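Hi,

Here's the structure I said I'd pass along.

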Amino acid sequence: MAQIEIQNLTFSYPSGRSALSDVNLTIHRGEYVVLWGKSGSGKTTLLRHLKTVLTPYGKRSGEILLDGVPLTELSQREQAGKIGFVMQNPDDQIVTDKVWHELAFGLESLGCDQKTMRARVAEMACYFGIQDWFHRDVANLSGGQKQLLNLASIMAMQPEVLILDEPTSQLDPIAASDFLNTLRKINTELGTTVIITEHRIEDIFPYADRAVMMDGGRVIADDAPRATAEHLWSSGSGMFSAMPTPVRVFYGAGGTGECPLTVREGRNWLSRAFPEPPKHTALPERGNAEPAECALSMKEVWFRYEKDSPDVLRGVTAEVPRGCLYAIVGGNGAGKSTMLKAVCGTCRPYRGKIRVFGRPVEKTPNLFQGCLAMLPQDPKSLFVGKTVLEDLREMTRDEELLAKTAALCQITPLLQSHPYDLSGGEQQRAALAKVLLTQPKLLLLDEPTKGIDCFFKETFAGILAKLKAEGITIVMVSHDVEFCARYADWVSMFFDGQILTTDTPRRFFGANSFYTTAANRMSRHVFQNAVTAEDVIALCRKNREDTP
Amino acid sequence: MTSDAFSNRHPAVNFLFFLGAIGFAVLIQHPAYLIAGALGAAAYYLLLSGRKGWKRIGMLVPMFLLLTAVNPLFNTYGERVLFHVFGRPYTLEALLYGGAIAGVFVVMMLWFGCYNAVMTSDKFTSLFGNLIPALSLLLVMVLRMIPGFIRKAGQITLARRAIGLGAGEKNRDKIRHGMGVLSALTDWALEGSVVTGDSMRARGYGSGRRTSFQIYTMKRGDWCLLAVLMFLAAAVIAVSAMGATAAEFTPVLSIAPVSGIYALGFAAYCAYLLIPSVLHLKEELQWRRSRSKI
């Protein structure tokens, strides 16, 4: 029997903007449904309709039934218990200051008695492995732990349906996959229905029962993941680029048979496609240009925050040539962000030299005017104005420059909006515009792809390419291996307070076997240095052309 | 503070103990009781904070001396004049009275130091959560928001500095910078509070009667300890009612003797004060013994 039934749901905001039109959707008990589409396609609006207290104000028609009963007829208490809702921001969702109290919060609100509460809280703490930090202050948890706590405190109410709105967008890749694994465990072990929107589609797609695709407030596809992939490919949809790497390689290379969804399936498919070692196994490496002048050089930089604390930077040495996109990858808390702060001069190293365009950082007057600027991890920390335009005017009076920069960052239509009304990707670009108004020659980016879906990533990469063409040197630290492999000129590995290796993406990721892209993991037993889906496709085609 | 036998007891026991200890310290100015109070509080304070505790106690000594010496300058009652200051008599009685007041202050400071270490915010809120649920939730939320604000303000300052909008040298620039940070922080906080509100309502907040999760339960040992504390406190109150703690300093020095039944009251007071220290030391000894057996 259908658990949730959405019938002819149409909704428009008070401003008149239509958000959902004629949505029909049936979700069965225990299903794992992924809802996806570009940002602004109405995913969040649809999810919020599944819980009346979160439903936005506006004009609405149609009906939503939970177990055959209209949602509006259920009391708030029943809804709170039956439908759990996890939101994007791990930090703001937490209400209390202690982990144990947060776990109990929902139960307290439902008026549970002590005995039940005690049992449920204990049960949840064990199931989610929270025992070790049960008594801690919430402020001392990592982002991943916070989000897990949010999930656990909702599961303590034993909901039948779990709704998640981009739950991992603010997490690093390891914490994100931990979270998604826990979610899968809940779905398979407890049979809780899961409805999730997620831009990290690669990690979910293989395990979802159904992929519901939305565009412009409509459901445009509702099928099993494999069928969705085939449909997208054959219809030539632009949404195909969001598909997991194995899918893109399979269709891009003209594969036959069943489409692979995971790296494992992708490997097997490649093995079948090339039973004999193929003739071409490597792509030509870009010829190294003559060494350009150094935009940024670091020599043996050591830093720690306090006299007695451990060193965060332990002899960082790097040279960034002018006019390139230099990516630094590495685990969480390895000190990548601290390194950027040291370059900005906000952290003073106690040993070592940092030079920007040949001059020591601490001796450069007006470092932040026309020389160096940093885009922080959270774009919100830059917004002070009521509109984007107001924010940009804080930086410059030069209207021409402002208009040019806004156009470059593709935010011209958004100038009159409040920065907080923009989506994650738009906020990122607005913040970038603000940073670019200092006209830097060296741009530092701290996790620029965090919380951005793959379509916005492409736009963002396009902007970076234009900046590079203008001669701006870009240094970015990132967890996003796929993005770095595709767009960076140089990739460095940051580990244990140092930069360990630096190479071109192909050589760098080609040499790694774990810390590398999905395309490389899938193809490394056949090809040598294919690191993106495009690389694998190119090699497949080349080999096919050579074998008659 | 790592572990302390008394802190691990139920918060209600902790709270009532401090209520008694601080209450007695404020109300009783009898020198013997003050000295006992100072010793008892200092002992527990040192057990709680270790070597760092000496520093604070060291700071209290000059404070004590100063307060003592200052009182006779304002209060000239008393029979035995020690000398004259600006033509006003400086009397022994006033000096002793100053000592008593300063003693009360020192003992209170020491007990509050212990209180802060033992009664953490979560203990306090869990204790009073049932009495005033709305207020205690508010308190918890404020406690959660303050560190968040501080962290975000730091983040904003750093982000602005990295695009050349840092606080300048001039006062005007500094004010402008401060306003910028504050404005960004307000927007951010407002947005965050909308999410928090959604998250609360999504978990049934405001859907009806609320209960409050008690992470602490009164065990048998807690009840026993509470009974002992109550008994001792009652004894002190009883002898005090009989006049055992009477102390007059000015104009004539008259202090009740500590003898007979009065001595029993004093003994009860000492026992009361030493309970946390004794519990702490007992546990420490137990651990030492069990460790030496291995």
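In chain A, the C-alpha centres of domain 1 and domain 2 sit 36 Å apart. Before you read anything into that, bear in mind that this is a predicted model. The contact there draws 9 residues from domain 1 of chain A and 7 residues from domain 2 of chain A. On the domain 1 side, α7 (201–204) and α8 (225–235) of chain A each put in at least two residues, and α8(A) has the largest share with 5 residues. Sorted by class, that side of domain 1 of chain A has 6 nonpolar and 3 charged residues, with no polar ones. For the bounds, the assignment for chain A runs domain 1 (2–235), domain 2 (244–286 + 519–548) and domain 3 (294–518).

Chain B splits into domain 1 (11–124 + 235–293) and domain 2 (126–202). Their C-alpha centres are 41 Å apart, and the contact takes 7 residues from domain 1 of chain B and 4 residues from domain 2 of chain B. Here α1 (11–27) and α5 (121–128) of chain B each give at least two residues to the domain 1 side. The largest share of that side, 4 residues, is from α5(B).

How does the radius of gyration of chain B sit against a compact globule of 294 residues? The globule would come out near 19 Å, while chain B has 26 Å. The C-alpha trace of chain B spans about 70 × 60 × 50 Å along its principal axes, and 32% of the 294 residues of chain B count as buried. Of the chain B contacts between residues at least 6 apart in sequence, 73% join residues at least 24 apart.

Last, the cores. The largest nonpolar core has 183 residues, and A:Leu35, A:Ala152, A:Ala327 and A:Ile474 touch the most other members. Setting aside neighbours within four places in sequence, A:Ile474 is in contact with A:Leu325, A:Tyr326, A:Leu443, A:Leu445, A:Leu464, A:Leu467 and A:Lys468. Another core, apart from the largest one, has 41 residues, including B:Val13, B:Leu110, B:Ala244 and B:Tyr269.

Cheers

How values were computed
Residues are numbered from 1 along each chain as its sequence is written. Chains are lettered from A and ligands numbered from 1 in the order in which they are written. This is a predicted model: local features need pLDDT of at least 70, side-chain atom pairs count only at pLDDT 80 or more; totals for chains, interfaces and linings use all residues. A nonpolar core is a set of buried Ala, Val, Leu, Ile, Met, Phe, Trp, Tyr and Cys residues joined through C-beta atoms within 7 Å. A residue is buried if 20 or more other C-beta atoms lie within 10 Å of its own, exposed if 12 or fewer, and partly exposed in between; C-beta atoms are placed from the backbone. Two residues are in contact if their C-beta atoms, placed from the backbone, lie within 7 Å. Domain bounds come from an automatic or database domain assignment. Ala, Val, Leu, Ile, Met, Phe, Trp, Tyr, Cys and Pro count as nonpolar, Asp, Glu, Lys and Arg as charged, and the others, Gly among them, as polar. The radius of gyration is taken over C-alpha atoms; the globule rule is 2.2 Å times the number of residues to the power 0.38.
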